[in-house]
Amino acid sequence: MKRVLLAAVLALGFGASAQETIKMSSAKIAYDRQDSASMVEARAFIDEAGAIIDGKAGAVIEKTMSKYLEYRGLIYLASYEKAKVKKSSYLLEAQSTFNKLVEYEKANKMRATNRLKAEVFPSLGGGLVAAAEDAVFVAKDTALGLKFYEAAVQTRGLLGQVDTLILSYIAALNQGLGQYARAEEYYQKVLDLGFKNISWTGFYVKNNARVAFPDKKTLDYFILAGEAKDPERTKSQEEMYWVQMVAMYLEAKAAQPNQGWDAKMEAFLKKARERFPNNGDLLNVELQIFLDKKDYEGAMANLLKASEREPNNPLYLYNIGYLYHKEKKDVAKGIEFYEKALVADPNYADALYMRGLIFVDESNTVVESMNKLTRSPADQKKWEELDKKKKTLLASAIPYFEKSYKVNREDLATLDALREVYYKTERMEEALRVKREADAIRANKR
C-alpha cells in the first residue's frame, strides 16, 4: 500500500514540475525526423510546452527555458523550410523566438546560443532576405517584405553584422508606403554608417563575362588564381543617398503638410549642401526654397554659384534672367541672361517666351506715351511715329512666341500672347488661326 501511495505522490510531483520537459522531448523527437508531416507534430508539442510554461508565470528553471526557446526556434524554422507552401508566419516566429533566446541567455549569463549563431543564424538571415525579396518583388506585398527585411537586419545584428544595403531598402520601402518617420530613421542610419554601396566586378574567365564579386579580397583571390581579370570598382553612391533623403523630405512635406517636415528638410539640406556643394539636385531644391520664401537675394546667390559650376546650363541662366527682369526690375540684365540661355539652348521655351514678352512690355510703354498725346498736328505726327515703333516692337516678339509655341504645343500663355500680338499688328488671319488652336487645346482639357 505504501509503495502505491509513494508512486502516486511521485507521479503527482513529476507531473507538476516537468510536464513541459515531456512535451519538449516529444517535440524534439518529431523535429529530428526532418519531414514536413513530423513538423506538424513537433509544432503541436512545442506549442503545448509553451502553454505550460506560460502558465507557470516564469517559474521554470533557466536551462529548461533556454532549451524550450532553442527547440521552438528550430522547429518553426524547419516548418518553414520543409513546407511545400511557405508560411511567412513560421519564419517570423522562428526569428522572433531566436531573438528571445539570445536576450534570455544574455540576461541569465548563459552561452548556449554560440552554437546556433555559428550554425543556424547565418542561414536564417539569408532565408529572411530571400523571403523579403519574394514578398516585395513577386507577391507585391511591401508591408510583409518590410517585416522580413527588418527581421533579417535584427538576426544579422546578433552576429555582429550590419547590412547597410538592406537598411537602404527598408528606408526606400517605408518611403514608398508613406511611412516617412520610419524612412527618415533608416536613411539616417545609412548616412551615419557612411554607406557608399561600392561593388567590385571582374571578367570571369570561365563564363567569359563580367560578374560581381562579394568584395575586393575575393576578386583579388580569383585574379591571383588566373580565373578573373580586369577588375573594376563602381563609383560611391553615398551622395545619392543624401539626395534621396532630401527627396523623401520633399515628398513628406507635400503629403503631410504642417507636420514639421519643412524645418527638418532645411536643416538637413544645409548639411547636404556643405557636404556636396556641387550637387545640382541639392542646389535646385535650395533654390526652390529661396523662391518659395521670396528670398530673391538668396536665390540669386544660389543661381550665380550654380552657373559658375555649369556656365552653359540654360535652366540657371534663364532663372537668373527672370530674377533680374521681374524681381530686380533690371530689364537689360534680364535680356542678357535670357539671350545666354538661348545660346545654350535655342529651343528653351521659357526663355523664348520671356524674351518675346519684353518686346510686348516695351510696346505697352509706347502705348502709354501715345495715350498722353493730344489731337494737335504736332502730337498726331508723334502718335504716328510711336505707333510705328509699337508695331515694330510687337513684330519683334512674334518669332520668339512662334518658336516657343513650336517647342511646347500645350502652352496656352504663349498662344494667348501670340494671338494678341497678331491682333495688334493687324494680322487678322494669323490671329484667328492662333485663337482656333488655343480654343482646341482648352476644349481638350475640359
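Predicted model: local features only at pLDDT ≥ 70, side-chain atom pairs only at ≥ 80, totals over all residues.

Biologist: At what angle do α16 and α17 pack, and how far apart are their axes?

Modeller: Helix α16 covers residues 331-344 and helix α17 covers residues 349-371. They pack at an angle of about 145°, and their axes are 9 Å apart.

Biologist: Which residues make that contact?

Modeller: From α16 the contact uses Val331, Ile335, Tyr338, Glu339, Ala341 and Leu342. From α17 it uses Ala351, Leu352, Met354, Arg355 and Ile358. Sorted by class, the contact of α16 with α17 has nine nonpolar residues, two charged ones and no polar ones.

Biologist: Why do you give both an angle and a distance?

Modeller: Two packed helices are described by the angle between their axes and by the distance between those axes.

Biologist: Then what are the values for α19 and α20?

Modeller: Helix α19, residues 412-424, packs against helix α20, residues 428-445, at an angle of about 160°. Their axes are 8 Å apart. That angle makes α19 roughly antiparallel to α20. The crossing of α19 and α20 is left-handed.

Biologist: Which residues of α19 take part, and which of α20?

Modeller: Leu412, Leu415 and Tyr422 are among those in α19, while α20 contributes residues including Met428, Val434 and Ile441. By class, the contact of α19 with α20 has 10 nonpolar, eight charged and no polar residues.

Biologist: Next, α3 and α4. How do their axes cross?

Modeller: The axes of helix α3 (residues 62-82) and helix α4 (residues 88-107) cross at roughly 155° and come within 8 Å. This makes α3 roughly antiparallel to α4. The crossing of α3 and α4 is left-handed.

Biologist: What sits in the contact of α3 with α4?

Modeller: The residues in α3 include Met65, Leu69 and Tyr76, and those they meet in α4 include Leu91, Phe98 and Tyr104. By class, the contact of α3 with α4 has 12 nonpolar, five polar and six charged residues.

Biologist: Changing topic: in what order do the strands lie in the sheet?

Modeller: Three strands form an open sheet in the order β2-β1-β3, with antiparallel pairing. β2 (209-213) and β3 (228-233) stand at the edges with a single partner strand each, so one side of each is left without a neighbour in the sheet. On average, neighbouring strands of this sheet are turned by 30° against each other, direction ignored.

Biologist: How many bridges join β1 to β2?

Modeller: Strand β1, residues 200-204, is joined to β2 by five bridges. Trp200 has Phe213 in β2 as its bridge partner, and the partner of Gly202 in β2 is Val211. The hairpin of β1 and β2 has four residues between the strands, and in this hairpin Asn208 takes a positive phi near 55°.

Biologist: Which helix packs on the sheet?

Modeller: Helix α10, residues 216-224, packs on the sheet and touches β1, β2 and β3. The direction of α10 makes about 155° with that of β3.

Biologist: Finally, the whole protein. How many helices and strands are there, and what is the radius of gyration?

Modeller: The secondary structure comes to 20 helices and three strands. The protein has a radius of gyration of 37 Å, whereas a compact globule of 446 residues would have one near 22 Å. Taken along the principal axes, the C-alpha atoms fill a box of roughly 145 × 60 × 40 Å.

How values were computed:
Residues numbered from 1 in each chain as written. Heavy atoms only, no water. Axes fitted to C-alpha atoms, helices over the stretch in contact; angles between N-to-C directions. Helix = DSSP H or I, 4+ residues; strand = E, 2+ residues; numbered from the N terminus. Parallel < 35°, antiparallel > 145°, perpendicular 65-115°, else oblique. Left-handed = near helix turned anticlockwise from the far one by under 90°. Contact = heavy atoms within 4.5 Å. Nonpolar A, V, L, I, M, F, W, Y, C, P; charged D, E, K, R; others polar. Pairing = 2+ DSSP bridges. Rg over C-alpha atoms; globule rule 2.2 N^0.38 Å.
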